[in-house]
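Please open the structure in your viewer and keep the selection tool at hand.

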Amino acid sequence: MEKKKYEEIVDKHTPSENIVVNALTAFTIGGIMGIIGQALIDFYSYYLTIPTKEATVCMIVTLIFISCLLTSLGFFDKIVNFCKCGLIVPITGFAHATMSAALEYRKEGFISGLGSNMLKISGAVIIFGVVSAWTFSLIRMLLGVI
Amino acid sequence: MTLKYNNVYINCTSTVTGPYEGNGPLGNYFDKSFSDLYFGEKNWEDAESKLIKEALEILYEKTGATKFDIDLFISGDLSNQLAASNYAYAGEEAPLIGIYAACASSTLGLALAANSLERKEIEKVVCTVCSHNNAAEKQFRYPVEYGGPKPKTTTFTATGGVAALVSGKKEGIRLESATIGKVINSNISDVYHMGAVMAPAAADTIYRHLQDTGRSVNYYDLILTGDLGIYGKEILKEYMEKEYGITLQNYEDTGVMLFNLQKQPVYAGASGPVCAPLVTYGYIFSEMKKKKLKRVLLVATGALMNPSRVNEKESIPAIAHAVSLEVLA
């Protein structure tokens, strides 16, 4: 059978993913995460009188800590499965990916296991994060010169 | 290639499962179900090996045989370098043939066992396969705790171990013939749609089995495919009809039978080398012994997936091996 004909049969029996519901879920949860982040910044800067710039860092650390804790307790994967990109795209997704790999490979030793595999999923985020930051800084610098 | 056997019988089988399989619709048919996924071991790899060890223990208990009575072991699993089998068999007395045909390892093992019995030096062969959901997730996908959302067509690797004693002694279920499958490339590269990857391989093996034996689909009370899942099953039916003009009747897929797809979080159904034999040795053999089913064609299907090849944008080849099983008169 030709490739195209077989693909037609496959497509016919492949259920479509509910893109609208998935996108709305991710949008809503992502929005809630934004509100939580802002609330944390306000809390740190208002009650603990930390300057806003440092309060932002504290907010990120808090979110990372909570995600890592929930991943270690074993139920963050279920929450992520429901919330999808609402939790994967923010810093919570990065923390979850790193923590889950660390937990998985810890048994293969500190260096050969945890050390070399901890960034298995999130390593790409760091690499391309740095590359894109460099690229955009360059563009910004060149535009500034012009 | 279809090989016919006159005197090959599956005398006894044993089945061990994880919690999901034990709580599934066929839970009562298994010999032992663990309530967690570590089984008292420290890591997933040891837990996977334990599934084979437990299945062997139960088989010895049931048959009264000891490890000194077995002439040859044949074992397959999903782990790299067949680690699960190799570590489980350190300490056994008989020689081991390790095989890899992904989720089609079970029927390939039975066919090889039947071939081995032609030699007079070999009288008793034990075939085992196992798979462990978390060990497979770790090796092929993501760390277990990562989870990650998956499409509806994803299959869920079953956790379990099975053992089967195959010999020339007329007892149990007859292994009438076996069709060794060809590698078929379906041009599908979606690792989350293994049913679509494997359906053409299953179709090819079923078609060639029927051609070689001169039988029609109605000859069998049941044709069982390995682990196509709920969508792969429908793809196979339509593909079989369009490509070979054969309408599959009395057809089921073990991936659909092992779990309750409505209640359990298993997406399109079960997969893994242990999926087909768990359903067959547990439920199907019990029905055969009650004479509700007399002739069954078991077609275990394997996606020969290599993560590096998939990353290199290659499609996934698949294979299916079939065995024809009959009730003793």
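Begin with helix α4 of chain A: its buried residues pack against α2 (19-47), α3 (52-73), α5 (85-88) and α6 (91-105) of chain A. Helices here are DSSP runs (H or I, at least four residues), numbered from the N terminus, and two residues are in contact if their C-beta atoms, placed from the backbone, lie within 7 Å. This is a predicted model, in which local features need pLDDT of at least 70, side-chain atom pairs count only at pLDDT 80 or more, and totals for chains, interfaces and linings use all residues. Residues are numbered from 1 along each chain as its sequence is written, and chains are lettered from A in the order in which they are written.

Next, select A:F76, A:V80 and A:C83, which are buried in α4(A), residues 76-83. They lie on the same side of α4(A) because they cover an arc of only 75° around the axis, taken from the directions from the helix axis to the C-beta atoms. On the other side of α4(A), select A:K78 and A:F82, which are exposed. A residue is buried if 20 or more other C-beta atoms lie within 10 Å of its own, exposed if 12 or fewer, and partly exposed in between, with C-beta atoms placed from the backbone. Then select A:K84, which follows α4(A) and has a positive phi, near 55°.

Move to chain B and select α2, residues 44-63. Of its 20 residues, 16 are buried, so α2(B) is mostly covered. After α2(B) comes B:G64, with a positive phi near 75°.

Finally, display both chains: their contact takes 26 residues from chain B and 24 residues from chain A. On the side of chain B that touches chain A, α7(B) gives the most, with six residues.

Technical notes
Helix = DSSP H or I, 4+ residues; strand = E, 2+ residues; numbered from the N terminus. Expected span 1.5 Å × (residues − 1).
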